[in-house]
Amino acid sequence: MGRDPKRTEETARAIRLAGGGKVDTFVADLSSQAQVRRLADELLTLPRIDALINNAGGYWNTRHTTADGIEHTFALNHLAPFLLTNLLLERLQLDGPARVITVSSNAQARGASTLRTFRASAPIPVPRPTTSPNSRTCCSPTNWPEDWKALQ
């Protein structure tokens, strides 16, 4: 699965040449919830799913929103793997034993965010990367009541 059709096919070709056998390719921009849903529908046409490895991610120094109006980093790094996994979960359980692996980086340690950062309708600047202690508690359940009040 890749975002760029050409690079996705080049990667699949390299895997095949290395003896990887049959390689299916799928293309989607995981920052778009509609494309995540379309990808899930395409994956569900496969005869079985043995593993789902969520490995897409990104980091932007400035605030961007997706076509869905969601902060881009949050949409790609958190919502996309959550949505894709949930859309495939029943199938993974039926095909079992299956595995879901979600890979992440330590990029969140470079900044500080609250739920207010992810609100698309408010022009909230993304803080400069820092080693702020707030980065470890970003969006933790203990911060949610205060953060949700700020969104109302």
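Student: Quick one to start: is Ile53 buried or exposed?
Tutor: Exposed, with a relative accessible area of 53%. Bear in mind that this is a predicted model. The cut-off for exposed is over 50%, so Ile53 gets that label at 53%.

Student: And where does Ile53 sit?
Tutor: In strand S1, which covers residues 51–54.

Student: OK, switching to charges. How many salt bridges are there in the whole structure?
Tutor: A search of the whole structure turns up five. One of them links Arg38 and Glu42, at 2.5 Å from N to O.

Student: How far apart are Arg38 and Glu42 along helix H2?
Tutor: Four residues, so about one helical turn separates them in H2, which runs over residues 33–43.

Student: Which residue does Asp24 pair with?
Tutor: Lys22, in a salt bridge whose closest N and O atoms are 2.5 Å apart. Lys22 is exposed, with a relative accessible area of 71%, while Asp24 is partly exposed at 37%.

Student: And what does Asp50 bridge to?
Tutor: Asp50 forms a salt bridge with Arg48, with 2.6 Å between the closest N and O atoms. Asp50 counts as partly exposed at 40% relative accessibility, and Arg48 is partly exposed at 40% too.

Conventions. Residues numbered from 1 in each chain as written. Predicted model: local features only at pLDDT ≥ 70, side-chain atom pairs only at ≥ 80, totals over all residues. Heavy atoms only, no water. Helix = DSSP H or I, 4+ residues; strand = E, 2+ residues; numbered from the N terminus. Buried < 20%, exposed > 50% of the residue type's maximum accessible area, 1.4 Å probe, protein only. Salt bridge = Lys/Arg side-chain N within 4 Å of Asp/Glu carboxyl O.
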